[in-house]
Amino acid sequence: MRSVLFTLSCAALLLSACSKESATSETAPTATPKAAAVSKPDRRHDESSYAQPEKVVIKDLALDVKLDFDTKQIGGTATYRLDWKDPKATELVLDTRALTIEKVEGAGADGKTFAPLQYALADADKTFGSKLTIQAPQRNPVVRVTYHTSPDASGLQWLAPSMTEGKQLPFMFSQSQAIHARSWVPLQDTPGVRFTYTAHVTSRPDVMVLMSAGNDPAAVRDGDYFFVQNKPIPSYLLAIAAGDLVFRKLSDRAGIWAEPAMADKAAAEFADTEKMITTTEDLYGPYRWGRYDILVLPPSFPFGGMENPTLTFATPTVIVGDKSLVSLVAHELAHSWSGNLVTNASWKDIWLNEGFTTYVQGRITEAVYGQEMAEMERQIDQTDLLNELKDMTPAQQALALPPLGETDPDEALSQVAYVKGAWFLQFLEQRFGRAVFDPFLRGWFNDHAFQSATTDQFVAYMKQHLLPKNPNAVTQAELDAWLDQPGIPAFATRAQSRGFALVDTARIAWLGSGTLPNKQVTEDWVTQQWVHFIEGLGQTLPVDKLKQLDAAYHFTGTPNGEIAMRWYPLAIRSGDRDVWPAAGEFIGRVGRRKLIMPIYAELVKTPEGLQFAREVFAKAKPGYHPITTGSVEAMLDKAGQAAAPAASAPVSTPAPEAEPAASTPAASTPAATKPAAQ
């Protein structure tokens with residue numbers, strides 16, 4: 001999920017949860033997952049969950065739910081087949097957030113005859129939700145919970161028809177990572193527990209429902225759907241979507257689901273998907289999930305992609321008509337081995353998911369699009385990481401993070417997990433050579449398939465299966481520097497792209513002479529080269545130089561989000577008010593946090609910019625995902641609080657910018673023919 005090239009750490013999610021007790025419940029005191037962390041030094045312990053998997057685990061989940069677009073709720077039953085680990089345990093503890101629990105029942109040995117069970121729903125913690133404790137004195141093998149969600153569930157977004165591509169039917173989709181699954185299903189919401197699932201879903205008959213399970217390309221819309229996921233997954237990979245969706249075939253095992261107006265464009269953009277799958281299989285073993293389909297969501301999706309098994313969720317912002325940004329697919333596909341197949345046991349070891357995936361993404365890109373393309377993406381990633389490290393504490397810079405305590409795991413996510421993790425694996429590859437390292441990594445995936453793992457397990461596996469291949473290749477001090485120390489080790493080899501040397505020469509020449517590069521020089525530049533060009537322009541430029549660039553390359557109004565997220569902040573910092581309407585249109589239309597948060601961050605630095613940002617957000621909020629809403633609100637609130645003391649003094653400021661107008665389509669967009677990193 002959440003591919004690389006982030007420019008900001010994820011902002012705090014100001015999401016509060018509420019609960020309503022059933023008449024049969026008992027009041028329980030508020031409890032936070034951090035309480036157990038003190039006595040659980042093992043890295044397998046998940047501070048972000050109330051669950052107690054050492055006592056009992058969910059082995060299978062059976063959902064029977066209805067989607068109600070009118071009330072914006074999911075309601076029905078969740079039935080769990082349990083494996084009681086502790087012979088003395090008689091409680092099942094589940095994670096919930098803003099769920100209404102209607103009743104809880106347990107079945108006897110036959111699994112069919114249900115009787116009421118006592119339960120207690122604790123007061124809500126603002127980050128972790130409410131602990132649901134179910135009394136099961138008979139250690140029931142099957143427990144069933146009847147519940148419904150809140151219309152404001154943090155893991156669901158309900159879109160009115162006007163917010164969709166086709167404007168005809170409503171749309172809904174989930175985003176369960178990191179701890180949002182608990183907002184739409186009561187679960188042991190931790191990556192350390194894996195379960196199979198089935199689901200019977202009813203809905204209005206004119207929408208197609210899909211899940212992170214077996215989706216039949218020939219399925220008929222009838223309002224009654226059944227799904228089977230027979231591979232054990234962690235809760236954050238539980239996913240659902242419904243809307244005006246049609247299918248386009250890419251290969252016998254891969255295809256596109258999208259709204260009709262987007263389907264053909266998406267199929268053309270992602271045409272190399274099967275080639276990516278076979279490439280990864282050659283490197284790391286067979287694809288084990290059956291189908292690999294891609295669901296293109298509305299622009300409000302808060303991330304680039306989400307690696308839901310069999311059904312990657314993808315942002316439409318990567319569909320720009322030239323395949324320039326389809327490394328997103330390489331990243332989310334790579335998760336089918338690193339993350340989905342072998343999962344971090346807790347969020348403090350997120351690098352085991354994202355670092356491995358970013359490394360594998362680079363190998364896929366290199367094999368399909370060439371070594372130079374992969375090297376450009378690595379150099380951009382590494383440059384962004386080094387800039388981000390300047391604002392991070394030493395503890396945040398280690399791959400193996402300390403226990404998260406009360407920290408929301410979304411807040412703990414940074415480029416360290418993605419880029420430093422991949423950089424570490426590249427270091428091992430360089431020291432041992434691909435002839436040794438590739439089989440080692442393939443063995444890691446095979447030997448830990450459908451399991452959750454910790455950093456300690458990986459280190460032990462590495463010491464057993466990799467280091468003996470060349471005992472002098474890596475020292476313990478070097479391993480410690482990568483895993484436990486801040487920053488990037490001084491001995492790390494930095495990526496160096498030959499393609500960027502031409503960009504640097506052209507930029508330096510323009511900055512010195514004012515003469516733009518010859519069109520023949522720039523017409524074949526790919527997105528990565530334009531990103532490198534803009535990032536090298538410095539913090540600000542004179543407005544006349546910005547105008548010169550914009551007249552030549554049409555950055556303002558570009559459909560390419562990777563360029564927009566860099567161009568607009570530069571122009572805003574430099575004082576070019578003419579870009580504000582286009583910037584406002586962009587952040588009002590797109591809900592992908594990576595692309596819009598840098599623009600909001602620049603706007604809020606001035607009183608008039610803060611006012612403009614608030615106006616844009618007020619109009620955009622109905623179409624934003626709750627995760628994006630929380631991030632933007634936190635930024636606006638923080639900026640408002642910082643500005644409040646100055647507001648008491650008389651200050652003369654320009655009038656706020658008027659309502660943002662629709663941007664004028666650019667006459668052309670910088671050319672790009674190969675995928676860009678995400």
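Close-up 1. Trp-530 and Phe-533 are both buried, where buried means under 20% relative accessible area, exposed over 50% and partly exposed in between, with a 1.4 Å probe and protein chains only. The model is predicted, so local features need pLDDT of at least 70 and side-chain atom pairs count only at pLDDT 80 or more, while totals for chains, interfaces and linings use all residues. Residues are numbered from 1 along each chain as its sequence is written, and side-chain values use heavy atoms, with hydrogens and water left out. Both Trp-530 and Phe-533 lie in helix 13, three residues apart, which is about one turn of the helix; helices (H or I, at least four residues) and strands (E, at least two) are DSSP runs numbered from the N terminus. The two rings form an edge-to-face pair, 6.0 Å centre to centre with 75° between the planes. Rings of Phe, Tyr and Trp (its six-membered ring) pair if their centres lie within 6.5 Å, and planes under 30 degrees apart count as stacked, over 60 as edge-to-face and the rest as tilted.

**Close-up 2. An aromatic pair between helices 8 and 9.** The structure holds 37 aromatic pairs. One of them joins Trp-444 and Tyr-461 edge-to-face, at 5.4 Å centre to centre and 65° between the planes. Trp-444 belongs to helix 8 (residues 434-447) and Tyr-461 to helix 9 (residues 455-465), so the pair ties together parts that are 17 residues apart in sequence. Trp-444 counts as buried at 2% relative accessibility, and Tyr-461 is buried with a relative accessible area of 10%.

**Close-up 3. Helix 15 and its surroundings.** Helix 15 (residues 561-573) has 13 residues and reaches 18 Å from its first C-alpha to its last, close to the 18 Å expected at 1.5 Å a residue, the expected span being 1.5 Å times one less than the number of residues. Twelve of the 13 residues are buried, so helix 15 is largely enclosed by the rest of the structure. Its buried residues include Trp-567, Tyr-568 and Pro-569, and what covers the buried residues includes helix 5 (371-389), helix 13 (527-535) and helix 14 (543-553). At the N-terminal end Asn-560 caps the helix, with a side-chain oxygen 3.1 Å from the backbone nitrogen of Glu-562. Just after helix 15, Gly-575 takes a positive phi of about 90°.

**Close-up 4. Charges over tryptophan rings.** The charged end of Lys-545 sits over the ring of Trp-510, 4.7 Å from its centre, and Arg-577 lies over the face of Trp-580, at 3.8 Å from the ring centre. A charge sits over a ring if NZ of Lys or CZ of Arg is within 6 Å of the ring centre and within 35 degrees of the ring normal.

How values were computed:
Contact means heavy atoms within 4.5 Å. A polar contact is a pair of N or O atoms within 3.5 Å; within protein, one must be able to donate a hydrogen and the other to accept it, and residues adjacent in sequence count only if both atoms are side-chain atoms.
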